[in-house]
Amino acid sequence: MRRPSERVDSQSTVHAPRVELAGANLLRLIAVLAVLYSHISFYLIDDRGDGWWVIDVVYSVLIQEAGLNNHLSFVGVAIFMLLTGLLVTRSAMRQSRRDFTVSRLSRLVPALWVSVALAVVLVRLGINGMFSGQSGISNSEAALSFVLGGFFLKPEVAVLGVTWTLTVQLLFYLYCVAARDILRTRPIVVPLLGAALCVVVLLYNFYIPQPWSVPMLSKIAATLPTLFLGQIIYLGWARIVSWRWVVLAVLAQAEVVRLATNVHAYWAGDQYMWTIIVVTGLVLLLGRYDGRIAHWRIVHWTGTRSYAIYLVHTLILYRVYENVVPYTGPTGAVLAFLLVTAAVSEAVYRWVEVPAATWLNGRFRRAPVRS
């Protein structure tokens, strides 16, 4: 077995061993809770001007004392992104470009399309509003939303706001596919080059005249370091690269985050560096945790349904809350929101996400699907 410090010949392929991540679902549960809390907090404080005792506790403990972003903004997103980089890097190294692309898209796209269609219908019926400044959505804007194109318009058109993170993931997958040969021979070059590309994008949008800027690209470049950090963690845990290269690659991502903060590419405060440091520490601490909590049924359920929850929860939150809160108060309204979200997420997971991924993988992948 190759030692971490041993050089890889330019024509040889790096062995990509499996790294057991027994704590992945526990991390997904934490990420889901952070995302749900973030949107509840934004809605109650910024939109309604209301309070809630949970917000008071979280603000006192995790924001004032722990120094995380206000509303826990980016905490859940960063966990999901780090996990993505950690979990898919091995697949990108081992699978063919076609099989890797099919396996990723088959899990993401069908549930995305169903959720976007539901969002468009709710806007057209006047039940929900847009997640951007428009009062409604045209047919062409709706069509663009199915391929995440609305985020690149000026002004931005967002019928389902949370899906901006999928543009980051999909570009990361595309980058891994394009850089597959490097990833298989000189893997540490991939996150290092990725950091350099993010810097170029951030500087382009900062210095270029506004008519030629693409604001969404800055948001993507400011988020990609979390995916590359996950990739670096995999390379380190798998002992593919030495600790010196790990440190260098981590510092490169930190510089991207620092630059993104300085050019105001982030959107909810200036604590992103510390938030990412805390999230990275959490992933390192719990990623390979195999204790009893990691196997609780609620942890497994939430972890496996986390993508569906992420897609549908903002379609449910606002209308459920405003209709229930007069009768139950904030706590009862939040519980009602969670129950409806759980039911809808279960339906999306069982009837869309899993069967679609199974059929598409069986139809379009060349190699048999492996666990």
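A cavity here is a set of grid points where a 1.4 Å probe fits but cannot get out, and its lining residues have an atom within 4 Å of a point. Keep in mind as you click around that this is a predicted model.

Start with the largest cavity: select Val116, Ser145, Leu148, Gly150, Phe151, Val157, Ala158, Val159, Leu160 and Thr163, which line it. Colour them by class and you'll get seven nonpolar, three polar and no charged residues.

Next, pick Ala92, Gln95, Ser96, Arg97, Phe100, Cys176, Val177 and Arg180, the lining of the second largest cavity. This one holds about 30 Å³, and α4 and α6 are the elements that each give two or more residues to its lining. Here the classes run to four nonpolar, two polar and two charged.

Stay with those helices and show α4 (residues 97-124) and α6 (residues 164-178): their axes come within 10 Å and cross at roughly 170°. An angle over 145 degrees counts as roughly antiparallel, so that is how α4 and α6 run relative to each other. For the contact, select Arg97, Phe100, Thr101, Arg104, Leu105, Leu108 and Leu112 on α4, then Leu166, Leu170, Tyr173, Cys176, Val177 and Ala178 on α6. Ten of these contact residues are nonpolar, one is polar and two are charged.

Last stop: the second largest pocket, at about 1,100 Å³. Centre your view on Glu156, Gly161, Trp164, Lys219 and Trp267, which lie nearest its centre among 46 lining residues. Then show α1 (24-48), which gives the most to this lining, with eight residues. The whole lining has 27 nonpolar, 13 polar and six charged residues.

Technical notes. Residues are numbered from 1 along each chain as its sequence is written. This is a predicted model: local features need pLDDT of at least 70, side-chain atom pairs count only at pLDDT 80 or more; totals for chains, interfaces and linings use all residues. Side-chain values use heavy atoms; hydrogens and water are left out. On a 1 Å grid over the protein atoms alone, a cavity is a set of points where a 1.4 Å probe fits but cannot get out, and a pocket is an open set with protein on both sides within 12 Å along at least five of seven lines; lining residues have an atom within 4 Å of a point. Grid points are joined across faces, edges and corners, and a volume is the space filled by probe spheres set on the points. Helices (H or I, at least four residues) and strands (E, at least two) are DSSP runs, numbered from the N terminus. Ala, Val, Leu, Ile, Met, Phe, Trp, Tyr, Cys and Pro count as nonpolar, Asp, Glu, Lys and Arg as charged, and the others, Gly among them, as polar. Axes are lines fitted to C-alpha atoms, for helices over the stretch in contact, and angles run from 0 to 180 degrees between N-to-C directions. Angles under 35 degrees count as roughly parallel, over 145 as roughly antiparallel, 65 to 115 as roughly perpendicular and the rest as oblique. Contact means heavy atoms within 4.5 Å.
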